[in-house]
Amino acid sequence: MSHPLRVGMVGVGLMGHGIASNILRAGHRLCFLDHPGNQPVEDLLAAGAEARASGREVAEAAEVIILCVTGSPQVEAVLFEPGGVLEGLREGSVVVDCSTALPSSTERVAARVQEAGGRFMDAAMTRTPKEAAEGRLNLIVGAPEALFTELHPLLESFAENITHAGPVGAGHTLKLVHNYVSLGFSAVLAEATVASRHAGIDDAALLEVLGKGGGGGVILERLRPFIEAGDASSFRFSVANASKDIGYYHAMTDELGVARGVAAAVRDLYGTIEDQALAVPEVIRVLEEEKGGR
């Protein structure tokens, strides 16, 4: 790290809290937006972070403002609403959007940030709150080369693997492709588990065959604790967020004009789960209760 940065954060939730902890640990100064959606922040305050009452106040105190919110509507709100980040943005400050957003919205947001004298980077995250707390997130970055190089030391304080996907918007585009693959695999494995159980196959045999064959990989390992013991804690990603991300993927592929027959089936599976607050692994239980699924 060349010098400590003044960092502002909007969104200290499941992922943002881990990011904030690691930024402080790396020796940067941190302020964050006081918000009811935050995780408990006593540890951050004890480590020297300061709470601010508005996005404007966060931006006034920071060189780099990291947004870690749900999606495009929330990004636009925290930036552009009265008292928002844009009102306090300093000349040359950088807005880093770590949300999962629509690339077309991202390009509009970046243009408005630049008009206000700021710079913009999308740095979409993958992995889970556990890796966020450990400083081991994966980041998919859309930014000019020079800005990517400039902020790389800061990003390294909370990420293990950092991919420069291309210009602004490329990070969010590749994140949606990634999440479609991840959530699509999850949907396939959920339906396959229910089919296997209804056929009387032991879960251990299913997991052994999939793990040593065509089903092996990150998603099987995230679902494994739920299949083995009903433990969903290793994949704390809600069905509501899955529905949102697949919806964004649909909007993006509409704009790109590409085929997506499988994606429609994945969207329908998540969209018809009544309790959208469930974690993705719990889809298996819901499908089982429906006597073998759709």
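The lining of the largest pocket has 14 nonpolar, 18 polar and six charged residues. Ala, Val, Leu, Ile, Met, Phe, Trp, Tyr, Cys and Pro count as nonpolar, Asp, Glu, Lys and Arg as charged, and the others, Gly among them, as polar. This is a predicted model: local features need pLDDT of at least 70, side-chain atom pairs count only at pLDDT 80 or more, and totals for chains, interfaces and linings use all residues. Residues are numbered from 1 along each chain as its sequence is written, and side-chain values use heavy atoms, with hydrogens and water left out.

**Largest pocket**

- About 870 Å³ of space lies in this pocket. A pocket is an open set of points on a 1 Å grid over the protein atoms alone, where a 1.4 Å probe fits, with protein on both sides within 12 Å along at least five of seven lines. Its volume is the space filled by probe spheres set on the points, which are joined across faces, edges and corners.
- The largest pocket has 38 lining residues; a lining residue has an atom within 4 Å of a point. Met 15, Cys 68, Val 69, Thr 70 and Asn 241 lie nearest the centre of this pocket.
- Two or more lining residues come from each of α1 (14-25), α4, β6, α9 and α12 (239-256). Helices (H or I, at least four residues) and strands (E, at least two) are DSSP runs, numbered from the N terminus.
- The largest share, five residues, comes from α9.

**Second largest pocket**

- This pocket holds about 410 Å³ of space.
- It is lined by 21 residues, and Arg 127, Thr 128, Glu 131, Val 218 and Arg 222 lie nearest its centre.
- Helix α11 gives the most to this lining, with four residues.
- By class, the lining has six nonpolar, nine polar and six charged residues.

**The sheet**

- Eight strands form an open sheet with mixed pairing, in the order β3-β2-β1-β4-β5-β6-β7-β8. Two strands pair if DSSP finds at least two bridges between them.
- The edge strands, β3 (50-52) and β8 (159-166), each pair on one side only.
- Strands β5 (residues 94-97) and β6 (residues 119-126) run parallel and are joined by four bridges. Asp 97 has Asp 122 of β6 as its bridge partner.
- Helix α9 (residues 170-198) packs on the sheet and touches β5, β6, β7 (137-142) and β8. Contact means heavy atoms within 4.5 Å.
- The direction of α9 makes about 15° with that of β6. Axes are lines fitted to C-alpha atoms, for helices over the stretch in contact, and angles run from 0 to 180 degrees between N-to-C directions.

**Two helices side by side**

- Helices α4 and α6 (residues 103-115) pack at about 10°, with their axes 11 Å apart.
- The two helices, α4 and α6, are therefore roughly parallel to each other (angles under 35 degrees count as such).
- Residues in the contact include Val 75 and Leu 79 of α4, and Val 109 and Arg 112 of α6.

How values were computed. Parallel < 35°, antiparallel > 145°, perpendicular 65-115°, else oblique.
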